[in-house]
Amino acid sequence: MSAKQQLFEEINRHLISDEKPSTYFNGIKEELFFSEVPFTMLSRLKNTPQSPQHHPEGNVWNHTMLVTDEAAKVKEKSKNANVFMWAALLHDIGKADTTKIRKDRITSYDHEKLGETLSKRFLSEFIDDEGFIESVAGLIRWHMQILFVVKSMPFADIKMMKQQTDVREVALLGLCDRLGRLDVDEKQEQQNINLFLQKCNIQGIL
């Protein structure tokens, strides 16, 4: 097993086994390898700001760590815990390149689309399991649909989402995404997720 494969296995082990994976990632974020490709995709998130109105937890790295910890709590509900946890870790890697200030607002339009591409590039550095990579990338590509669908925005595309990924997995990741911030209304976010599933004609609730 190569050094890269060993590192992938180590990260995967912490994602799957740790109660709070953020402890591990915050412990390695200053390591030399974390400033090298492909980890630059993650390390750049430490300096990527977010809207304080929607993300009082601060930069994208802080948000990612909270989301990953939330995902660890519910990974047993996922059809594939490995795919789900990697999607949680990489879900916002597109924000470093898409975050801009527009009319005094911090935005990151289409970060999920760029994130799909970057997540494939990231994972391809370690493994050649195309099915796994595509599954992770698919969840990242569609994780913003919860907002679009619930608010009936023109960016909503339920048909294409259903063709490319598992909507319930998107909902589970989306719940973690919404809960992975400070001062969140957990009950309201749960209701939004269930409304999303209802609008997608998916039976049951999370």
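At 0% relative accessibility, C200 counts as buried, where buried means under 20% relative accessible area, exposed over 50% and partly exposed in between, computed with a 1.4 Å probe on protein chains only. This is a predicted model, in which local features need pLDDT of at least 70 and side-chain atom pairs count only at pLDDT 80 or more, whereas totals for chains, interfaces and linings use all residues. Residues are numbered from 1 along each chain as its sequence is written, and side-chain values use heavy atoms, with hydrogens and water left out.

C176 is buried as well, with a relative accessible area of 2%. How many disulfides are there, if a disulfide is a pair of cysteine sulfur atoms within 2.5 Å? The count comes to zero. The closest cysteine sulfur to that of C176 belongs to C200, and because the two lie 17 Å apart, they are too far from each other for a bond.

The structure holds 12 aromatic pairs, counted where rings of Phe, Tyr and Trp (its six-membered ring) have centres within 6.5 Å, with planes under 30 degrees apart taken as stacked, over 60 as edge-to-face and the rest as tilted. One of these pairs joins Y24 and F25 in an edge-to-face arrangement, at 5.1 Å centre to centre and with 70° between the planes; both residues are buried. Another, between W86 and F122, is tilted, with 6.3 Å from centre to centre and 50° between the planes. This second pair links distant parts of the chain, since W86 sits in helix α5 and F122 in helix α7 (residues 111–124), 36 residues apart, and W86 and F122 are both buried. Ring pairs also connect W86 and F122 with F8, F33, F34, F39, W61 and F126 in a cluster.

Helix α5 (residues 81–90) also packs against helix α1 (residues 3–17), at an angle of about 95° and with the axes 10 Å apart. Helices here are DSSP runs of H or I with at least four residues, numbered from the N terminus, and their axes are lines fitted to C-alpha atoms over the stretch in contact, with angles running from 0 to 180 degrees between N-to-C directions. The angle therefore makes α1 roughly perpendicular to α5, a label that covers 65 to 115 degrees. Contact, meaning heavy atoms within 4.5 Å, is made by F8, I11, N12, L15 and I16 of α1 together with A81, N82, M85, W86 and L89 of α5.

Conventions: Helix = DSSP H or I, 4+ residues; strand = E, 2+ residues; numbered from the N terminus. Parallel < 35°, antiparallel > 145°, perpendicular 65-115°, else oblique. Disulfide = S-S within 2.5 Å.
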